[in-house]
Amino acid sequence: MDFVSIRIITDQIKPLVAFYETITGLSATWFTDDFAELATPSCTLAIGSTRTLALFGTDVAQPAANRSAIIEFRVSDVDAEYSRLAKIIGGFVQTPTTMPWGNRSLLLRDPDGNLVNFFTPVSAEAIRKFDRKAGAVAPADATA
């Protein structure tokens, strides 16, 4: 089994896709007016409009209602990302903070209220954990 994507359902697909393009620096691939994807080497963030829900059945998802999942992106330097995003993001849930499990983390919300975490492994154990896959993003400062 291979985990390949997570999908967000939204009432406002164009603004949400534009937000993720801005914060990630990735360009979305639009497959229809109701579905786009932002692909990274390890996983894909899919964004679908509420109109796509009819294909799955009725009342299967509710946009802008997530209160349990965090969309996470590993970045090479979370402090540099904070400096970049501070110019374009209105506010943050948490500014860069080193967590007890060894990641330096920046937490914000997307326009639908979903939590988004940019993080950089900084402890030796966290670096080993995330470098186990070939092609992993190298942290900016492995000694932090």
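Predicted model: local features only at pLDDT ≥ 70, side-chain atom pairs only at ≥ 80, totals over all residues.
You'll find Phe56 in the loop between β4 (44–49) and β5 (70–74). Its relative accessibility is 52%, and the cut-off for exposed is over 50%, so Phe56 counts as exposed.

Now, let's go inside. In soluble globular proteins, nonpolar side chains tend to be buried together. In our model, the largest nonpolar core holds 22 residues, and Tyr20, Ile23, Ile47 and Phe118 have the most contacts inside it. Two or more residues of this core come from each of α1 (13–24), β3 (35–39), β4, β5, α2 (78–86), β7 and β8. The largest share is from α1, with six residues.

Have a look at Ile47 while you're there. Setting aside neighbours within four places in sequence, Ile47 is in contact with a list of residues including Ile13, Leu16, Val17 and Tyr20, as well as Phe35, Ala36 and Leu38. Arg7 and Asp34 are among its contacts too.

My last stop is a polar residue, Asn114. Is Asn114 buried or exposed? With 7% relative accessibility, Asn114 counts as buried, although its place is in a loop, the one between β7 (103–109) and β8 (115–121). Its side chain makes a polar contact with the side chain of Asn66, at 3.4 Å. Beyond four places in sequence, Asn114 also touches Ile8, Tyr20, Ile71, Leu108 and Arg109.

Key. Residues numbered from 1 in each chain as written. Heavy atoms only, no water. Helix = DSSP H or I, 4+ residues; strand = E, 2+ residues; numbered from the N terminus. Buried < 20%, exposed > 50% of the residue type's maximum accessible area, 1.4 Å probe, protein only. Polar contact = N/O pair within 3.5 Å; in protein donor to acceptor, adjacent residues only side chain to side chain. Contact = heavy atoms within 4.5 Å. Core = buried A, V, L, I, M, F, W, Y, C linked by side-chain atoms within 4.5 Å.
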